[in-house]
Amino acid sequence: MFKRITLALVLIACGMFLPSAVLRSEETDAWIKRWQQNAAASSPTPFASLPPRQIAPPAKKMPRSWIIAGLSIAAVAATLLLAFSSRAWRAANVFGRRYRFQVVAEKPMRLGAARCGGLIATAHFGSAGRE
Amino acid sequence: MTTSDQEAQTLPAAPDVRCPSCGTVLDPAGEQCGNCKLTLRRLDLKFGTIPRHANYVTDRTERLPIIAVERAREELRLFERRFPQSPLSVFVVDLTKGQAASEYAFWLANRGRFGLAEAIGAKNFDLLLLLDTGNRNVALAAGYGLEGLVTASQLAGVVDAVAKNLRDENFAGAVDACIGRLSEILRTASEQSLQSTTPVQSDV
C-alpha cells in the first residue's frame, strides 16, 4: 500500500517537472540556432570606440656627420683621459722601479762637514770649457 | 730610518774628492784642506746666513719662468720617487765675483736642509745642483753616501750636459739633462751597491 502511494507521488512529480524541462531545452535550441544564423555577423568589440591604430612612419636616419662628430668627441675625451692618467701614473712612478743604495760603514768626515765631503763637479756656461 | 745589526763594510777612500776651494786632493779624514786650510766653519763666515730654500727648486734670482720652475719641480719629484734616498735639489743664485760655485755648493749642501735631517755621513745620498747665474757657473755636489758609487768624472759629465743647455738659456733642458744623466749613473750605482756591499741600513 505504501509502495503504491510512493509510486503515485513520483509519477505526479515527474508530470509536474518534465514538461518545463522539455520546454527549456527547446528554448535553448532555438537560441543556439539563432546564434548560429547570426554567427557571420560582426560582434561588437570592447574597443569599438577607440580610433583605428595608426602605424608610425619610419624614423629618420641620424646624419652621418653627427655620428662622425660624436665619435670624434669620444676619441678626444678618451685621449685626454689617457693623457692625464699617464701623467698621473708617471708622476706616481706607478710602473717605475725604485733604486736604493746600501749604506756602508761610517765614513770619516772631511773639513768639518757632516753631509757632503767635497764630491763636487763644476762647469762654466758663459763660454766653453770647465773650470 | 732603520738600522740592521749587520756588520758594516768600509768603502775604499774616494780618490777624487778635492777641496772645493783650491782643488787639492783631500785627505780622507782631514779636518781641513792641507793646502788652503779650508773648513766648513770658514765658509760659514764667508757666506753668512743660510738662504731660504725649498725642496726641489729654489730660485733666488726670481728670473726663471714659473712654468719652467713648476715643470722642473715635477721632474725632480719623479726623480726622488725613483731614487728615494737621493733627493736632487736645484738652487739658482747670483753669486758675486769672489764667491766660487764649488765652495757655495759645498757649504749649502752641508748647511742647507734639502734632504732628510738624519741623513748624515754615509747615510747622505743627497744631490745639489747649484746654478750661479752671476758668474755663469754650475756645480753639482753629492753626499758622502755617493762617494765610491759615483765618481767626480761622472758628475763632471752631468754638469757639462747642464752647462750646454744653460748656454742656450734653457733651464728646463738643463734640469732634464741633469736628471737624465744622473738617473743613468745612479741606476748603475744602485745595482753595483746592492751586489757588492753587505746591507747595513734598509732605507734613508
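Helices (H or I, at least four residues) and strands (E, at least two) are DSSP runs, numbered from the N terminus. A residue is buried if 20 or more other C-beta atoms, placed from the backbone, lie within 10 Å of its own.

## Chain B as a whole

Chain B contains five helices and four strands, in the order α-β-α-β-α-β-β-α-α along the sequence. Of its 204 residues, 45% count as buried.

## Contact between the chains

In total, 35 residues of chain A are in contact (C-beta atoms, placed from the backbone, within 7 Å) with 75 residues of chain B. On the side of chain A that touches chain B, β1(A) provides the largest share, six residues.

Strand β1(A) runs antiparallel to β4(B), and six bridges join them; strands pair if DSSP finds at least two bridges between them.

## Basis of the model

Residues are numbered from 1 along each chain as its sequence is written, and chains are lettered from A and ligands numbered from 1 in the order in which they are written. For this predicted model, local features need pLDDT of at least 70 and side-chain atom pairs count only at pLDDT 80 or more, while totals for chains, interfaces and linings use all residues.

Definitions and conventions: Buried ≥ 20, exposed ≤ 12 C-beta atoms within 10 Å, placed from the backbone. Contact = placed C-beta atoms within 7 Å.
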